[in-house]
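Hello,

Here is the structure I promised to pass on. Please open it alongside this note, and then read my findings below.

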Amino acid sequence: MYSNSFNIKKITCLIAASIILVLTSCKDTSSTLSDVLVGDEVASRTGFYFDTVISISIFSLEKDGNYSFKERADKILDGCMQISDRYDKLLSAEKENSDIWNINNSNQKETVVSKDTFELIETSIKYANLSNGAFNPSLGSIISLWNFTSNDNQIIPDKKDIEKNIKHTDFCNVIVNKDKSSIIISDNDTKINLGAIAKGFIADKIKDYLCKEKVKSAIINLGGNVLLVGSKPNGSDFKVGIEKPFEGSSTYACVVNASDKSIVTSGVYERYFEKDDKIYHHILDPKTGYPVENSLYSVSIISDKSVDGDALSTACFVLGLDKGMELIEKTKGVEAVFITNDYKLHTSSGFPKIK
Ligand code: ADP
Ligand code: MG
């Protein structure tokens, strides 16, 4: 998963400006994440996992007489980083001996995977079916032809390579066996890549852990995948800024007030390179193997579970405004805002009032 190599420039940029900024200060919409740390009791940790910058901030915890807020929060944040590290090693398509790497290098042999990996592959297949293959967890061989991350080697892949590999992206080639928690890939050239859903899944697992540790108020931000735990310590909603595409981190297209929700964005401006005045971005059309070309700049999804938001943001981006909106309207408990390339906002029927 998580496309290519580590890029220091990208990190600095992401720390300053994740795709979605959470504005925990009630003051105004131009606050940055660091503003909110002033004056509030908060413990934060930043790390680099899943090929992106992650940050977790805890604002409130159930009291424990023996330890201070800071002592307990620090320990819990250690736990969050350990969870992230474990999932990075389990779900990366590139890390040798990860579950996904093992499946992709199994030569069609049955591969037993962890319960978590199995659950995520099953969920991925569900979303592949639900979106008619717009979200495709078996695009691995095509994804590895592209490089949207590091500045070197950003070339358009050879057409022949795309044509050859696109024939090996049918997600029906991924055969699951729940009893054995095992996977067989029936076509040796079909490769799994869960980069479009894994961060959402992992955010949910981190939230489960935080709740188990009696955290009452926190923000999990995995490279712009935001998952809120509870509300602000004073009981009011968090404010989540949805970035205006290509305008930099502190310009928002809209601000959403929310508690306990996931807000995830897929956009053309996240990872891309330019060649001959054309933008090549990282969301690929499974029919062609090339970046999706439609009227969209971004799709943001509000949902309870981040795994659903992550899968749906990618799926809806590929489906485009009309079909994507149709999918959102028929899926219970999710709302979306689509931003088109004329910077217009298109919201689903239950989307919160935009501020
Ligand atoms: P982000 O990388 O910010 O989480 P997405 O959730 O939209 O954004 O995931 C995009 C990533 O998923 C790409 O970098 C690529 O690895 C992979 N991908 C690209 N197109 C598709 C697709 N149609 N279906 C599934 N995965 C995809
Ligand atoms: Mg996604």
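**What I found**

D116 is buried, because its relative accessible area is 12% and the cut-off for buried is under 20%. D116 sits in helix α4, which covers residues 115-130. The side chain of D116 makes a polar contact with the side chain of R86, at 2.7 Å. Please keep in mind throughout that this is a predicted model.

**The magnesium ion**

Which residues coordinate the magnesium ion (ligand 2)? They are A196, D310 and T314. A196 gives its O atom, and T314 gives OG1.

Helix α8 (residues 306-319) holds both D310 and T314. Four residues separate D310 and T314 there, about one turn of the helix. Are D310 and T314 buried or exposed? Both are buried.

**Ligand 1**

The shell around ligand 1 has 18 residues. N136, K199, S266, L284 and T314 are the closest. Sorted by class, the shell of ligand 1 contains nine nonpolar residues, six polar ones and three charged ones. Which element gives the most to this shell? Helix α8 does, with three residues.

Some polar atoms to look at around ligand 1:

- E270: a polar side-chain atom is 3.0 Å from an oxygen atom of ligand 1.
- H282: a polar side-chain atom is also 3.0 Å from an oxygen atom of ligand 1.
- A196: a polar backbone atom is 3.4 Å from an oxygen atom of ligand 1.

How much of ligand 1 does the protein bury? Taken alone, ligand 1 exposes 560 Å², and the protein buries 96% of that.

**Cysteines**

How many disulfides are there? The count is zero, with sulfur atoms required to lie within 2.5 Å of each other. C172 is exposed, because its relative accessible area of 54% is over the 50% cut-off. C254 is buried, because its relative accessibility is 2%.

Best wishes

How values were computed. Residues numbered from 1 in each chain as written. Chains lettered and ligands numbered in written order. Predicted model: local features only at pLDDT ≥ 70, side-chain atom pairs only at ≥ 80, totals over all residues. Heavy atoms only, no water. Donors = N, O, S within 2.8 Å, 3.2 Å for Na, K, Ca; no water. Helix = DSSP H or I, 4+ residues; strand = E, 2+ residues; numbered from the N terminus. Buried < 20%, exposed > 50% of the residue type's maximum accessible area, 1.4 Å probe, protein only. Near = heavy atom within 4 Å. Polar contact = N/O pair within 3.5 Å; in protein donor to acceptor, adjacent residues only side chain to side chain. Areas by Shrake-Rupley, 256 points an atom, 1.4 Å probe, with all protein chains shown as cover. Nonpolar A, V, L, I, M, F, W, Y, C, P; charged D, E, K, R; others polar.
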